[in-house]
Amino acid sequence: YMTNLCMKMYFKKVKNSLIYRCRFLYFRITALFWSTVSMLIVSNARNTDVKKSLFVFVPVWGEEYINWFFIYMLPSLMQENNLPLVKEKKKIVFYFYTKEENIDYLNRLIKINIVDFESKIYTEANFCDHARDMMSNYFIHILKEGIDKKSLLLFAMPDSIFSNGSIDNMVNLSDGKGVSIAIASPRISIECIKNNNIS
């Protein structure tokens, strides 16, 4: 009886071992097959190169929103563990997109507030495709710049802020991995605050 029991246990172990080996082999073959298919068919494979630069995308027009950028967003970008820390590893360039009538005002504030970083300004006049709306042209342009120059992109809207260390963390999380990071941002309705006399 004991011999039969031992033989059954032995054959069960052999059977399980063979099943696991076959499954593992099947997994390896299918993984190789689908990675080969992906390489042949998928043309937009992730670029996992470590990027040398970070482009800060700032679409802003109208004096009120331009002021918001310099009062709220820019100080959050300039916290010690945000752009100043990233600057030690990467070149940082600000890309401002605005309207023609705001160029002088925006330029004046850039010269006062952004002295340690390169800045570029674009307006609707820089784009010949008038079939698309202005913001679409700006968005397509910054994406193309990022891809062509192999740069990381940071979207810096004038009515948002970043906590200290968050930008360096996002750069570390995404750089060299071919991924994008999107975070939900809580928003406040200015009209609601004004209407309810909240200060």
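Contact means heavy atoms within 4.5 Å. The model is predicted: local features need pLDDT of at least 70, side-chain atom pairs count only at pLDDT 80 or more, and totals for chains, interfaces and linings use all residues. Residues are numbered from 1 along each chain as its sequence is written, and side-chain values use heavy atoms, with hydrogens and water left out.

**Exercise 1.** Determine which residues of helix 2 and helix 4 meet, and describe how the two helices pack.

*Solution.* Step 1: From helix 2, Glu63, Ile66, Asn67, Phe70 and Leu74 meet Tyr105, Leu106, Leu109, Ile110 and Asn113 of helix 4. By class, this contact has seven nonpolar, two polar and one charged residues.

Step 1: Helix 2 (residues 63-77) and helix 4 (residues 103-113) have axes 10 Å apart, at an angle of about 15°. The two helices are therefore roughly parallel (angles under 35 degrees).

**Exercise 2.** Identify the residues that touch the most other members of the largest nonpolar core.

*Solution.* Step 1: A nonpolar core is a set of buried Ala, Val, Leu, Ile, Met, Phe, Trp, Tyr and Cys residues joined through side-chain atoms within 4.5 Å; buried means under 20% relative accessible area (1.4 Å probe, protein chains only).

Step 1: The largest core has 28 residues, of which Phe69, Phe70, Leu77, Phe94 and Phe96 touch the most other members. Helix 2 gives the most to this core, with six residues.

Step 2: Leaving out residues up to four places away in sequence, Phe69 touches, among others, Val58, Phe94, Ile114 and Pro158.

Definitions and conventions:
Axes fitted to C-alpha atoms, helices over the stretch in contact; angles between N-to-C directions. Helix = DSSP H or I, 4+ residues; strand = E, 2+ residues; numbered from the N terminus. Parallel < 35°, antiparallel > 145°, perpendicular 65-115°, else oblique. Nonpolar A, V, L, I, M, F, W, Y, C, P; charged D, E, K, R; others polar. Buried < 20%, exposed > 50% of the residue type's maximum accessible area, 1.4 Å probe, protein only.
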